[in-house]
Amino acid sequence: MARSNEPAFWSLFSAGGMVAAFLIPAAILITAYMVPQGKIDAEQLRIVMDHFIARLLLLAMISLPLFHWAHRFRFALVDLGIKNAKLPIAILFYGTAAGSTICAAYLLLPPIFS
Amino acid sequence: MAASESQTATETMKLEVFRFLPDEGELPSFQTYEVPYRDDWVVLDALNYIKDEIDGTLSYRWSCRMGVCGSCGMMVNGEPKLTCSAFLRDYYPNPIKVEPLNYFPVIRDLIINMDQFIDKLGEVKTWLIPAEEKSVDEGEYLQTPAQLAKYKQYTMCINCMLCYSACPVFGQNPDFLGPAAIALGQRYNLDSRDGGADERADVIFSSEGIWECTFVGECSEVCPKNVDPAGAIQMAKVTATNDWFKGLLMPKGKKKSGGDQ
Amino acid sequence: MTNRTGNTTTTERQLIRKMPANWWLKKPAYLRYMIREMTCLFVGGYAMFLLMLAARLDKPEAFADLLASPLAIALQWIALPMAIYHSVTWFNLTPKVLVIWRGEDKLPGFLIAGAHYAGWLAVSAGLIYFAMSGGTDG
(Lines give C-alpha, C1' and ligand atoms only; values in the text may rest on other atoms or scores of the structure.)
Protein backbone atom coordinates (compact mmCIF):
# COMPACT_ATOMS: atom_id res chain seq x y z
CA MET A 1 0.00 0.00 0.00
CA ALA A 2 1.26 3.44 -0.81
CA ARG A 3 0.12 6.95 -0.13
CA SER A 4 -2.68 7.71 -2.52
CA ASN A 5 -2.95 10.69 -4.86
CA GLU A 6 -6.57 10.95 -3.89
CA PRO A 7 -5.89 14.30 -2.08
CA ALA A 8 -5.81 15.99 -5.50
CA PHE A 9 -9.38 14.93 -6.20
CA TRP A 10 -10.58 15.35 -2.64
CA SER A 11 -9.36 18.96 -2.67
CA LEU A 12 -11.34 19.64 -5.85
CA PHE A 13 -14.34 17.85 -4.32
CA SER A 14 -14.10 19.98 -1.19
CA ALA A 15 -13.65 23.24 -3.08
CA GLY A 16 -16.57 22.34 -5.33
CA GLY A 17 -18.70 21.42 -2.35
CA MET A 18 -17.98 24.78 -0.71
CA VAL A 19 -18.70 26.79 -3.88
CA ALA A 20 -21.89 24.82 -4.48
CA ALA A 21 -23.04 25.12 -0.87
CA PHE A 22 -22.49 28.87 -0.68
CA LEU A 23 -23.57 29.96 -4.15
CA ILE A 24 -25.89 27.55 -5.91
CA PRO A 25 -29.11 28.01 -3.91
CA ALA A 26 -29.05 31.79 -4.41
CA ALA A 27 -28.04 31.33 -8.04
CA ILE A 28 -31.04 29.07 -8.63
CA LEU A 29 -33.28 31.66 -6.99
CA ILE A 30 -31.97 34.17 -9.51
CA THR A 31 -32.24 32.03 -12.63
CA ALA A 32 -35.38 30.04 -11.79
CA TYR A 33 -37.41 32.63 -9.90
CA MET A 34 -36.24 36.21 -10.20
CA VAL A 35 -35.68 36.24 -13.95
CA PRO A 36 -38.73 34.15 -15.03
CA GLN A 37 -40.90 36.18 -12.63
CA GLY A 38 -39.56 39.42 -14.05
CA LYS A 39 -37.87 40.69 -10.88
CA ILE A 40 -34.64 40.79 -12.88
CA ASP A 41 -34.63 41.40 -16.62
CA ALA A 42 -32.84 38.64 -18.52
CA GLU A 43 -30.85 41.17 -20.52
CA GLN A 44 -29.81 42.98 -17.32
CA LEU A 45 -28.58 39.69 -15.90
CA ARG A 46 -26.67 38.96 -19.10
CA ILE A 47 -24.92 42.31 -18.86
CA VAL A 48 -24.01 41.66 -15.22
CA MET A 49 -22.68 38.21 -16.09
CA ASP A 50 -20.61 39.70 -18.90
CA HIS A 51 -18.57 41.62 -16.33
CA PHE A 52 -15.08 40.21 -15.77
CA ILE A 53 -15.64 39.50 -12.05
CA ALA A 54 -18.85 37.65 -12.89
CA ARG A 55 -17.02 35.72 -15.61
CA LEU A 56 -14.40 34.52 -13.13
CA LEU A 57 -17.09 33.63 -10.61
CA LEU A 58 -19.01 31.79 -13.30
CA LEU A 59 -15.91 29.81 -14.21
CA ALA A 60 -15.54 28.76 -10.57
CA MET A 61 -19.24 27.93 -10.33
CA ILE A 62 -19.07 25.71 -13.41
CA SER A 63 -15.75 23.96 -12.88
CA LEU A 64 -15.59 23.24 -9.17
CA PRO A 65 -19.13 21.89 -8.64
CA LEU A 66 -18.58 19.55 -11.59
CA PHE A 67 -15.44 18.17 -9.93
CA HIS A 68 -17.53 17.85 -6.76
CA TRP A 69 -20.13 15.84 -8.69
CA ALA A 70 -17.46 13.67 -10.37
CA HIS A 71 -15.82 12.69 -7.09
CA ARG A 72 -18.99 12.14 -5.09
CA PHE A 73 -20.86 10.27 -7.82
CA ARG A 74 -17.83 8.07 -8.45
CA PHE A 75 -17.96 6.91 -4.82
CA ALA A 76 -21.77 6.73 -4.81
CA LEU A 77 -21.62 4.16 -7.60
CA VAL A 78 -19.34 2.04 -5.43
CA ASP A 79 -21.87 2.40 -2.59
CA LEU A 80 -24.53 1.06 -4.95
CA GLY A 81 -22.41 -1.98 -5.71
CA ILE A 82 -20.88 -0.89 -9.02
CA LYS A 83 -17.29 -1.68 -8.14
CA ASN A 84 -15.80 -3.00 -11.34
CA ALA A 85 -15.19 -0.25 -13.84
CA LYS A 86 -13.34 1.98 -11.37
CA LEU A 87 -10.71 3.39 -13.71
CA PRO A 88 -12.99 3.98 -16.74
CA ILE A 89 -15.56 5.66 -14.52
CA ALA A 90 -12.95 7.90 -12.93
CA ILE A 91 -11.61 8.91 -16.34
CA LEU A 92 -15.14 9.55 -17.66
CA PHE A 93 -16.26 11.60 -14.67
CA TYR A 94 -13.15 13.68 -14.01
CA GLY A 95 -12.74 13.99 -17.76
CA THR A 96 -16.21 15.47 -18.05
CA ALA A 97 -15.39 17.96 -15.31
CA ALA A 98 -12.05 18.84 -16.88
CA GLY A 99 -13.53 19.12 -20.35
CA SER A 100 -16.31 21.37 -19.09
CA THR A 101 -13.72 23.48 -17.30
CA ILE A 102 -11.81 23.94 -20.54
CA CYS A 103 -15.04 24.83 -22.39
CA ALA A 104 -16.00 27.30 -19.72
CA ALA A 105 -12.52 28.85 -19.72
CA TYR A 106 -12.63 29.19 -23.49
CA LEU A 107 -16.05 30.86 -23.35
CA LEU A 108 -15.47 33.08 -20.37
CA LEU A 109 -11.83 34.10 -20.24
CA PRO A 110 -10.82 35.55 -23.64
CA PRO A 111 -13.15 38.60 -23.47
CA ILE A 112 -11.46 39.55 -20.19
CA PHE A 113 -8.10 39.75 -21.85
CA SER A 114 -9.13 41.24 -25.17
CA MET B 1 -31.61 -10.90 41.92
CA ALA B 2 -34.75 -10.30 43.98
CA ALA B 3 -37.94 -10.41 41.96
CA SER B 4 -39.72 -7.05 42.13
CA GLU B 5 -43.33 -7.14 43.28
CA SER B 6 -44.61 -5.65 40.04
CA GLN B 7 -43.19 -8.54 38.02
CA THR B 8 -44.74 -11.95 37.78
CA ALA B 9 -42.80 -15.04 36.73
CA THR B 10 -45.05 -15.38 33.69
CA GLU B 11 -43.83 -12.26 31.84
CA THR B 12 -41.78 -13.43 28.92
CA MET B 13 -40.53 -12.17 25.60
CA LYS B 14 -39.24 -13.78 22.44
CA LEU B 15 -35.77 -13.70 20.96
CA GLU B 16 -35.32 -14.68 17.31
CA VAL B 17 -31.72 -15.80 17.20
CA PHE B 18 -29.60 -16.43 14.13
CA ARG B 19 -28.28 -19.98 14.03
CA PHE B 20 -25.53 -21.33 11.81
CA LEU B 21 -23.97 -24.70 12.56
CA PRO B 22 -21.45 -25.56 9.82
CA ASP B 23 -20.47 -28.85 11.48
CA GLU B 24 -24.03 -30.10 11.14
CA GLY B 25 -24.03 -28.97 7.52
CA GLU B 26 -27.09 -26.82 8.14
CA LEU B 27 -28.08 -23.68 6.32
CA PRO B 28 -28.43 -20.52 8.41
CA SER B 29 -31.79 -20.10 10.09
CA PHE B 30 -33.55 -18.34 12.94
CA GLN B 31 -34.55 -20.06 16.14
CA THR B 32 -37.12 -18.47 18.43
CA TYR B 33 -36.65 -18.74 22.18
CA GLU B 34 -38.97 -17.55 24.91
CA VAL B 35 -37.09 -15.99 27.82
CA PRO B 36 -38.27 -14.44 31.10
CA TYR B 37 -38.75 -10.70 30.88
CA ARG B 38 -37.06 -8.74 33.63
CA ASP B 39 -36.82 -4.98 33.31
CA ASP B 40 -33.20 -4.99 34.47
CA TRP B 41 -32.09 -7.62 31.97
CA VAL B 42 -30.07 -6.95 28.87
CA VAL B 43 -30.01 -9.02 25.67
CA LEU B 44 -26.85 -10.73 26.95
CA ASP B 45 -28.74 -11.90 30.06
CA ALA B 46 -31.38 -13.37 27.76
CA LEU B 47 -28.72 -15.15 25.67
CA ASN B 48 -27.08 -16.53 28.81
CA TYR B 49 -30.50 -17.74 29.99
CA ILE B 50 -31.01 -19.47 26.64
CA LYS B 51 -27.62 -21.15 26.83
CA ASP B 52 -28.00 -22.19 30.48
CA GLU B 53 -31.64 -23.27 30.49
CA ILE B 54 -32.90 -23.92 26.97
CA ASP B 55 -30.26 -24.60 24.34
CA GLY B 56 -26.63 -25.15 25.25
CA THR B 57 -25.60 -25.36 21.60
CA LEU B 58 -25.96 -21.59 21.08
CA SER B 59 -22.53 -19.95 20.69
CA TYR B 60 -21.65 -16.30 21.16
CA ARG B 61 -18.91 -14.07 22.56
CA TRP B 62 -19.14 -12.08 25.79
CA SER B 63 -16.94 -11.20 28.72
CA CYS B 64 -17.18 -8.18 31.00
CA ARG B 65 -20.97 -7.69 30.65
CA MET B 66 -20.49 -4.00 31.41
CA GLY B 67 -19.57 -2.32 28.14
CA VAL B 68 -15.79 -2.14 28.38
CA CYS B 69 -14.41 -5.27 26.75
CA GLY B 70 -15.99 -5.04 23.30
CA SER B 71 -16.70 -8.79 23.03
CA CYS B 72 -20.48 -8.98 22.83
CA GLY B 73 -21.23 -6.93 19.71
CA MET B 74 -24.19 -8.27 17.69
CA MET B 75 -27.02 -6.97 15.49
CA VAL B 76 -30.05 -6.33 17.70
CA ASN B 77 -33.11 -5.63 15.52
CA GLY B 78 -30.79 -4.64 12.72
CA GLU B 79 -28.67 -2.23 14.78
CA PRO B 80 -25.12 -3.02 15.87
CA LYS B 81 -25.16 -3.05 19.66
CA LEU B 82 -23.27 -4.39 22.64
CA THR B 83 -25.73 -6.98 23.90
CA CYS B 84 -24.62 -6.21 27.46
CA SER B 85 -25.90 -2.68 26.98
CA ALA B 86 -29.16 -3.38 25.11
CA PHE B 87 -31.98 -3.52 27.64
CA LEU B 88 -34.93 -5.86 27.08
CA ARG B 89 -37.25 -3.16 28.36
CA ASP B 90 -36.45 -1.00 25.33
CA TYR B 91 -37.92 -3.68 23.06
CA TYR B 92 -40.60 -5.32 25.22
CA PRO B 93 -43.14 -6.67 24.36
CA ASN B 94 -41.97 -7.06 20.76
CA PRO B 95 -39.65 -9.90 19.79
CA ILE B 96 -35.94 -9.12 19.47
CA LYS B 97 -33.97 -10.31 16.47
CA VAL B 98 -30.36 -11.16 17.32
CA GLU B 99 -27.87 -11.67 14.49
CA PRO B 100 -24.09 -11.73 14.10
CA LEU B 101 -22.38 -8.41 13.36
CA ASN B 102 -23.01 -7.30 9.77
CA TYR B 103 -20.40 -7.48 7.04
CA PHE B 104 -18.21 -10.05 8.79
CA PRO B 105 -17.98 -13.74 7.87
CA VAL B 106 -19.83 -15.95 10.35
CA ILE B 107 -17.93 -18.82 11.93
CA ARG B 108 -20.84 -20.22 13.92
CA ASP B 109 -24.14 -18.84 15.31
CA LEU B 110 -23.40 -15.31 16.55
CA ILE B 111 -19.61 -15.56 16.30
CA ILE B 112 -17.94 -13.63 13.49
CA ASN B 113 -14.45 -13.92 12.08
CA MET B 114 -12.47 -10.88 13.26
CA ASP B 115 -9.04 -11.97 12.04
CA GLN B 116 -8.88 -9.40 9.26
CA PHE B 117 -9.68 -6.64 11.75
CA ILE B 118 -6.83 -7.74 14.02
CA ASP B 119 -4.54 -7.82 11.00
CA LYS B 120 -5.54 -4.25 10.18
CA LEU B 121 -4.55 -3.11 13.67
CA GLY B 122 -1.11 -4.60 13.05
CA GLU B 123 -0.82 -2.88 9.67
CA VAL B 124 -1.71 0.47 11.22
CA LYS B 125 0.82 -0.17 14.01
CA THR B 126 -1.49 0.62 16.91
CA TRP B 127 1.31 1.05 19.42
CA LEU B 128 3.54 3.88 20.49
CA ILE B 129 6.50 4.48 18.19
CA PRO B 130 8.41 6.94 20.41
CA ALA B 131 9.52 10.18 18.79
CA GLU B 132 12.57 10.12 21.04
CA GLU B 133 13.94 6.94 22.51
CA LYS B 134 14.21 7.23 26.28
CA SER B 135 15.49 4.70 28.77
CA VAL B 136 13.47 4.21 31.93
CA ASP B 137 16.25 5.91 33.95
CA GLU B 138 15.76 9.13 31.99
CA GLY B 139 12.28 9.42 33.43
CA GLU B 140 8.77 9.69 32.02
CA TYR B 141 7.60 11.25 28.77
CA LEU B 142 5.94 14.51 29.79
CA GLN B 143 2.62 15.59 28.36
CA THR B 144 0.39 18.57 29.06
CA PRO B 145 -3.38 18.24 29.49
CA ALA B 146 -3.79 20.08 26.17
CA GLN B 147 -1.58 17.52 24.42
CA LEU B 148 -3.56 14.69 26.00
CA ALA B 149 -6.85 16.22 24.91
CA LYS B 150 -5.87 15.93 21.27
CA TYR B 151 -5.98 12.13 21.20
CA LYS B 152 -7.81 11.11 24.37
CA GLN B 153 -11.15 10.49 22.68
CA TYR B 154 -9.54 7.90 20.39
CA THR B 155 -8.10 5.96 23.32
CA MET B 156 -11.61 4.97 24.32
CA CYS B 157 -11.98 2.44 21.50
CA ILE B 158 -12.72 -1.06 22.82
CA ASN B 159 -12.37 -2.83 19.45
CA CYS B 160 -16.00 -3.91 19.51
CA MET B 161 -16.33 -3.47 15.73
CA LEU B 162 -19.88 -2.06 15.89
CA CYS B 163 -18.58 0.75 13.66
CA TYR B 164 -17.62 -1.74 10.94
CA SER B 165 -21.11 -3.20 11.01
CA ALA B 166 -22.56 0.27 10.54
CA CYS B 167 -20.28 1.17 7.64
CA PRO B 168 -21.70 0.47 4.16
CA VAL B 169 -18.30 1.18 2.60
CA PHE B 170 -16.82 -1.67 4.62
CA GLY B 171 -19.85 -3.73 3.70
CA GLN B 172 -19.02 -3.29 0.03
CA ASN B 173 -15.24 -3.68 0.52
CA PRO B 174 -13.87 -5.79 3.39
CA ASP B 175 -10.38 -4.55 2.54
CA PHE B 176 -11.30 -1.01 3.69
CA LEU B 177 -9.19 -0.26 6.78
CA GLY B 178 -12.31 0.91 8.53
CA PRO B 179 -13.31 3.32 11.31
CA ALA B 180 -11.73 1.70 14.37
CA ALA B 181 -8.36 0.91 12.81
CA ILE B 182 -8.01 4.47 11.49
CA ALA B 183 -9.22 6.04 14.75
CA LEU B 184 -6.68 3.94 16.65
CA GLY B 185 -3.97 4.95 14.18
CA GLN B 186 -4.89 8.57 14.83
CA ARG B 187 -4.78 7.89 18.59
CA TYR B 188 -1.05 7.35 18.18
CA ASN B 189 -0.45 9.87 15.38
CA LEU B 190 -1.88 12.64 17.55
CA ASP B 191 -0.07 11.51 20.70
CA SER B 192 2.78 13.96 21.36
CA ARG B 193 5.02 11.12 22.54
CA ASP B 194 4.66 9.34 19.21
CA GLY B 195 6.83 9.81 16.13
CA GLY B 196 5.38 7.10 13.93
CA ALA B 197 2.93 9.11 11.80
CA ASP B 198 5.17 8.82 8.76
CA GLU B 199 5.40 5.04 9.12
CA ARG B 200 1.64 4.73 9.45
CA ALA B 201 0.91 7.07 6.57
CA ASP B 202 1.62 4.49 3.87
CA VAL B 203 -1.22 2.39 5.27
CA ILE B 204 -3.65 5.00 6.58
CA PHE B 205 -3.24 7.37 3.63
CA SER B 206 -3.54 4.61 1.06
CA SER B 207 -6.54 4.23 -1.23
CA GLU B 208 -7.83 1.45 1.02
CA GLY B 209 -7.33 3.64 4.05
CA ILE B 210 -9.07 6.93 4.67
CA TRP B 211 -9.87 7.53 0.99
CA GLU B 212 -12.49 4.80 0.80
CA CYS B 213 -14.50 6.65 3.44
CA THR B 214 -17.43 8.71 2.16
CA PHE B 215 -18.33 10.13 5.58
CA VAL B 216 -21.59 8.29 6.04
CA GLY B 217 -21.06 8.97 9.73
CA GLU B 218 -22.96 5.97 11.08
CA CYS B 219 -19.80 4.57 12.65
CA SER B 220 -19.74 7.45 15.11
CA GLU B 221 -23.48 7.09 15.74
CA VAL B 222 -23.25 3.45 16.84
CA CYS B 223 -19.99 3.72 18.78
CA PRO B 224 -20.72 2.84 22.42
CA LYS B 225 -17.70 4.81 23.67
CA ASN B 226 -18.15 8.06 21.68
CA VAL B 227 -14.83 7.63 19.93
CA ASP B 228 -16.13 9.47 16.85
CA PRO B 229 -14.10 7.54 14.28
CA ALA B 230 -15.75 9.53 11.48
CA GLY B 231 -14.20 12.69 12.89
CA ALA B 232 -10.82 10.97 13.18
CA ILE B 233 -10.98 9.97 9.53
CA GLN B 234 -11.92 13.45 8.30
CA MET B 235 -9.04 14.99 10.27
CA ALA B 236 -6.75 12.39 8.73
CA LYS B 237 -7.97 13.40 5.26
CA VAL B 238 -7.02 17.00 5.99
CA THR B 239 -3.59 15.94 7.27
CA ALA B 240 -3.01 13.70 4.25
CA THR B 241 -4.05 16.50 1.90
CA ASN B 242 -1.75 19.03 3.58
CA ASP B 243 1.11 16.52 3.36
CA TRP B 244 0.35 15.85 -0.29
CA PHE B 245 0.45 19.54 -1.22
CA LYS B 246 3.65 20.02 0.78
CA GLY B 247 5.10 17.09 -1.12
CA LEU B 248 4.20 18.78 -4.40
CA LEU B 249 5.73 22.10 -3.44
CA MET B 250 8.86 20.65 -1.84
CA PRO B 251 9.52 17.44 -3.80
CA LYS B 252 13.19 17.21 -2.87
CA GLY B 253 12.50 17.38 0.88
CA LYS B 254 12.26 14.18 2.90
CA LYS B 255 8.63 13.10 3.00
CA LYS B 256 7.59 13.54 6.60
CA SER B 257 3.96 13.25 7.58
CA GLY B 258 2.68 16.04 9.85
CA GLY B 259 0.89 13.69 12.19
CA ASP B 260 0.68 16.05 15.13
CA GLN B 261 -2.03 18.33 13.76
CA MET C 1 -6.05 -18.92 7.19
CA THR C 2 -3.22 -17.89 9.51
CA ASN C 3 -3.38 -14.42 11.00
CA ARG C 4 -0.53 -12.21 12.24
CA THR C 5 -0.35 -13.95 15.60
CA GLY C 6 0.05 -17.35 13.96
CA ASN C 7 -3.40 -18.52 14.97
CA THR C 8 -5.58 -20.21 12.42
CA THR C 9 -9.27 -19.89 11.83
CA THR C 10 -11.24 -22.41 9.83
CA THR C 11 -12.59 -20.38 6.99
CA GLU C 12 -13.71 -23.13 4.67
CA ARG C 13 -17.22 -23.38 6.06
CA GLN C 14 -17.68 -19.82 7.25
CA LEU C 15 -20.77 -17.99 6.03
CA ILE C 16 -20.42 -14.89 3.89
CA ARG C 17 -23.65 -12.87 3.99
CA LYS C 18 -24.15 -10.83 0.85
CA MET C 19 -24.78 -7.11 1.31
CA PRO C 20 -28.31 -6.46 -0.02
CA ALA C 21 -28.65 -4.13 -3.00
CA ASN C 22 -31.20 -2.07 -1.07
CA TRP C 23 -29.00 -1.69 2.05
CA TRP C 24 -29.57 2.07 1.97
CA LEU C 25 -33.31 1.60 2.50
CA LYS C 26 -32.82 -0.36 5.71
CA LYS C 27 -32.12 2.60 8.00
CA PRO C 28 -33.34 6.23 7.89
CA ALA C 29 -29.76 7.42 8.34
CA TYR C 30 -28.68 5.44 5.28
CA LEU C 31 -31.50 6.89 3.17
CA ARG C 32 -30.57 10.43 4.22
CA TYR C 33 -26.96 9.63 3.30
CA MET C 34 -27.95 8.35 -0.17
CA ILE C 35 -30.08 11.44 -0.81
CA ARG C 36 -27.16 13.61 0.26
CA GLU C 37 -24.88 11.82 -2.17
CA MET C 38 -27.40 12.14 -4.98
CA THR C 39 -27.59 15.92 -4.53
CA CYS C 40 -24.30 15.99 -6.43
CA LEU C 41 -26.25 15.16 -9.60
CA PHE C 42 -28.23 18.37 -9.22
CA VAL C 43 -25.17 20.38 -8.25
CA GLY C 44 -23.38 19.12 -11.36
CA GLY C 45 -26.50 19.57 -13.44
CA TYR C 46 -26.85 23.22 -12.45
CA ALA C 47 -23.18 23.78 -13.24
CA MET C 48 -23.88 22.43 -16.73
CA PHE C 49 -26.81 24.85 -16.99
CA LEU C 50 -24.45 27.71 -16.07
CA LEU C 51 -22.12 26.48 -18.80
CA MET C 52 -24.99 26.71 -21.26
CA LEU C 53 -25.68 30.26 -20.10
CA ALA C 54 -21.99 31.08 -20.45
CA ALA C 55 -22.14 29.91 -24.05
CA ARG C 56 -24.93 32.44 -24.66
CA LEU C 57 -23.33 35.48 -23.03
CA ASP C 58 -22.77 37.06 -26.43
CA LYS C 59 -26.19 36.04 -27.79
CA PRO C 60 -28.85 38.07 -25.90
CA GLU C 61 -31.85 36.32 -27.46
CA ALA C 62 -30.54 32.81 -26.88
CA PHE C 63 -29.59 33.77 -23.32
CA ALA C 64 -33.09 35.05 -22.55
CA ASP C 65 -34.72 32.08 -24.28
CA LEU C 66 -32.79 29.58 -22.19
CA LEU C 67 -33.74 31.33 -18.96
CA ALA C 68 -37.39 31.36 -20.07
CA SER C 69 -37.44 27.69 -21.06
CA PRO C 70 -40.15 25.86 -19.07
CA LEU C 71 -38.02 22.71 -18.91
CA ALA C 72 -35.06 24.66 -17.53
CA ILE C 73 -37.28 26.29 -14.92
CA ALA C 74 -38.90 23.01 -13.89
CA LEU C 75 -35.56 21.23 -13.52
CA GLN C 76 -34.20 24.09 -11.46
CA TRP C 77 -37.15 23.94 -9.05
CA ILE C 78 -36.32 20.27 -8.48
CA ALA C 79 -32.65 21.17 -8.10
CA LEU C 80 -33.31 23.92 -5.54
CA PRO C 81 -34.31 21.71 -2.55
CA MET C 82 -31.48 19.34 -3.51
CA ALA C 83 -28.98 22.20 -3.53
CA ILE C 84 -30.25 23.42 -0.16
CA TYR C 85 -29.98 19.88 1.24
CA HIS C 86 -26.38 19.81 -0.01
CA SER C 87 -25.64 23.14 1.67
CA VAL C 88 -27.20 22.15 4.99
CA THR C 89 -25.57 18.72 5.19
CA TRP C 90 -22.24 20.24 4.07
CA PHE C 91 -22.20 23.03 6.64
CA ASN C 92 -23.33 20.66 9.40
CA LEU C 93 -20.27 18.49 8.76
CA THR C 94 -17.72 21.32 8.82
CA PRO C 95 -17.00 20.96 12.58
CA LYS C 96 -15.73 17.45 11.91
CA VAL C 97 -13.31 18.66 9.25
CA LEU C 98 -12.31 22.02 10.68
CA VAL C 99 -11.13 21.18 14.19
CA ILE C 100 -9.81 24.18 16.13
CA TRP C 101 -8.24 23.64 19.54
CA ARG C 102 -8.24 26.18 22.35
CA GLY C 103 -6.06 24.57 25.01
CA GLU C 104 -7.81 21.43 26.17
CA ASP C 105 -11.07 22.09 24.38
CA LYS C 106 -12.25 22.08 20.81
CA LEU C 107 -14.11 25.10 19.54
CA PRO C 108 -17.81 24.11 19.80
CA GLY C 109 -19.24 22.62 16.63
CA PHE C 110 -22.16 25.00 16.41
CA LEU C 111 -19.77 27.97 16.15
CA ILE C 112 -17.98 26.48 13.17
CA ALA C 113 -21.17 25.43 11.42
CA GLY C 114 -22.80 28.71 12.43
CA ALA C 115 -20.00 30.73 10.87
CA HIS C 116 -20.59 28.89 7.60
CA TYR C 117 -24.34 29.51 7.77
CA ALA C 118 -23.71 33.20 8.41
CA GLY C 119 -21.36 33.26 5.44
CA TRP C 120 -24.00 31.51 3.37
CA LEU C 121 -26.52 34.21 4.15
CA ALA C 122 -24.05 36.99 3.40
CA VAL C 123 -22.81 35.47 0.14
CA SER C 124 -26.34 34.69 -1.05
CA ALA C 125 -27.49 38.23 -0.34
CA GLY C 126 -24.42 39.57 -2.09
CA LEU C 127 -25.00 37.41 -5.16
CA ILE C 128 -28.63 38.47 -5.47
CA TYR C 129 -27.69 42.13 -4.97
CA PHE C 130 -24.96 41.75 -7.61
CA ALA C 131 -27.44 40.13 -10.03
CA MET C 132 -29.97 42.92 -9.55
CA SER C 133 -27.39 45.60 -10.21
CA GLY C 134 -27.33 45.07 -13.96
CA GLY C 135 -28.11 47.45 -16.75
CA THR C 136 -27.49 50.88 -15.35
CA ASP C 137 -24.23 50.38 -13.42
CA GLY C 138 -21.36 47.82 -13.71
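The model is predicted: local features need pLDDT of at least 70, side-chain atom pairs count only at pLDDT 80 or more, and totals for chains, interfaces and linings use all residues. Residues are numbered from 1 along each chain as its sequence is written, while chains are lettered from A and ligands numbered from 1 in the order written.

**Stop 1: chain A.** Select helix H2, residues 42-50. Helices (H or I, at least four residues) and strands (E, at least two) are DSSP runs, numbered from the N terminus. Ala42(A), Leu45(A), Arg46(A), Val48(A) and Met49(A) are buried here. Buried means that 20 or more other C-beta atoms, placed from the backbone, lie within 10 Å of the residue's own. Now look down the axis of H2(A): the buried residues fall within an arc of 160°, so they line one face. The arc is taken from the directions from helix axis to C-beta atoms.

**Stop 2: chains B and C.** Show the contact (C-beta atoms, placed from the backbone, within 7 Å). Chain B gives 29 residues and chain C gives 23. On the chain B side, H9(B) provides the largest share, five residues.

**Stop 3: loops of chain B.** Go to Pro93(B), between strands S4 (79-82) and S5 (96-99). A cis peptide bond joins Tyr92(B) to Pro93(B), with omega about 0°.

Next, select Phe215(B), in the loop between H7 (197-204) and H8. Its phi is near 55°, a positive value in a residue other than glycine. Phe215(B) is buried, with 20 other C-beta atoms within 10 Å.

Finish at Asp228(B), between H8 and H9. Phi of Asp228(B) is near 55°. Asp228(B) is buried, with 22 other C-beta atoms within 10 Å.

How values were computed:
Buried ≥ 20, exposed ≤ 12 C-beta atoms within 10 Å, placed from the backbone. Contact = placed C-beta atoms within 7 Å.
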